[in-house]
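Please read it alongside the sequence and the coordinates.

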Amino acid sequence: MHDTLIEQAQAGAVRTLRLARPAQLNACTCALLVQLREAFEAAAADATVRCVVLSGAGRAFCVGQDLKDPLVAPAFDDPAAPPKDMGHVVAQYYVPLARALRAMPVPVIAAVNGVAAGAGASLALGCDLVVAAEGASFIQAFAKIGLIPDCGGSWLLPRLVGRAKALELALLGDKLAAREAERIGLIHRCVPDAELGTVVGELAARLAAGSVRAMAETRRLMDAGQLVDFDRGLELEVTAQSQAGFRADYAEGVAAFVDKRAPRFTDR
Ligand code: T3D
């Protein structure tokens with residue numbers, strides 16, 4: 001038996017995953033990272049899930065790597081001990097998690113209830129839509145401890161806010177309030193603290209009722225489009241639209257339009 005570090009709940013077609021180390025501000029141990037990846041994979045494999053919400057228990061969303069974890073913490077009491085290989089931890093735990101999140105077949109919402117720092121910020125920003133409570137904040141904490149943005153952070157940040165702002169955030173590591181994060185386009189929306197649950201619940205229900213397969217394909221195309229030229233982007237759209245056109249969701253979407261009713265999408 002191991003501790004449950006990710007609380008899971010499902011309401012209708014919406015699966016909520018909650019990081020559950022509130023006393024440590026949901027800092028990531030290797031066990032937490034494994035459990036979170038497994039939770040994403042389980043949601044991906046479960047046909048009843050059409051949207052995932054990621055949040056944190058207590059006053060924080062996630063403060064990134066647990067810096068007190070002996071696996072990564074420098075051995076202060078043993079100067080002769082060889083330095084720890086952070087790359088190994090990143091490759092073994094963060095990379096598979098970031099990949100699992102990016103490959104989700106359904107939309108993922110980050111409900112940022114409090115501070116999101118280091119890899120915790122990368123995790124939130126790796127989700128499709130980020131809704132943050134007004135009291136929440138984002139901190140690129142890596143620079144302050146001599147590290148670089150990981151868990152997808154160095155890839156995501158410039159794409160979200162442009163190179164100049166990304167470098168400002170990453171090099172200075174200052175706390176960015178949720179309202180400001182919304183203003184600069186880093187996140188989808190900042191809402192009053194007391195409204196976070198309601199706003200995210202409504203958004204998740206709306207996404208879950210949509211064509212989630214098309215949404216996942218849209219994410220894939222937008223990511224791929226950053227790396228190819230315009231003509232190749234057009235070609236990728238042709239292939240993806242061809243596949244979309246053969247799916248049940250397209251037939252249902254058009255039928256619903258013609259019948260003047262709400263569609264009942266089923267593809268996944
Ligand atoms: O493998 C690798 O290591 C490479 C991967 C790296 C990925 C990363 O994520 S690197 C970035 C790691 N995160 C940080 O550097 C953030 C460190 N935390 C902070 O700067 C502050 O805690 C916050 C600004 C986020 C919040 O400040 P505040 O004043 O609200 O809370 P606090 O008092 O600092 O923290 C409360 C408790 O949480 C405290 O424990 P205590 O004293 O009550 O027993 C604090 O030590 C603990 N805590 C906060 N962040 C971490 C943490 N414990 C372990 N690891 C943390 N990252």
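The numbered points below go from the domains to the strands and loops.

1. Basis of the note. The model is predicted, with local features requiring pLDDT of at least 70, side-chain atom pairs counted only at pLDDT 80 or more, and totals for chains, interfaces and linings using all residues. Residues are numbered from 1 along each chain as its sequence is written, and side-chain values use heavy atoms, with hydrogens and water left out.

2. Domain division. The protein comprises domain 1 (6-208) and domain 2 (212-259), with bounds that come from an automatic or database domain assignment. Their C-alpha centres are 27 Å apart. To the contact (heavy atoms within 4.5 Å), domain 1 gives 12 residues and domain 2 gives 7 residues.

3. Buried area. The size of an interface is often given as the accessible area lost when the parts come together. Between domain 1 and domain 2 the buried area (accessible area with a 1.4 Å probe that two parts lose on being put together, summed over both) is about 870 Å², and carbon and sulfur atoms give 50% of this. On the side of domain 1, the residues that lose the most area to domain 2 are Arg50, Arg102 and Arg159, which together account for 42% of what that side buries.

4. Arg102 and Asp223 form a salt bridge through their side chains, at 2.8 Å from N to O.

5. Composition of the domain 1 side. Helices α4 (153-161) and α7 (196-208) are the elements that give two or more residues to the side of domain 1 touching domain 2; helices (H or I, at least four residues) and strands (E, at least two) are DSSP runs, numbered from the N terminus.

6. Strand pairing. Strands pair if DSSP finds at least two bridges between them. β1 (residues 6-11) and β2 (residues 14-19) are antiparallel, with 6 bridges, and Ala11 has Val14 in β2 as its bridge partner. Their hairpin has 2 residues between the strands, and Gly12 there takes a positive phi near 60°. β2 also pairs with β3 (residues 51-56), in the parallel sense and over 6 bridges; Leu17 stands opposite Leu54 in β3.

7. Backbone points to check. Most residues other than glycine have a negative phi. Leu25 has a positive phi near 55° and lies in the loop between β2 and α1 (30-45). Asn26, also placed in the loop between β2 and α1, has a positive phi of about 60°.

Key. Salt bridge = Lys/Arg side-chain N within 4 Å of Asp/Glu carboxyl O.
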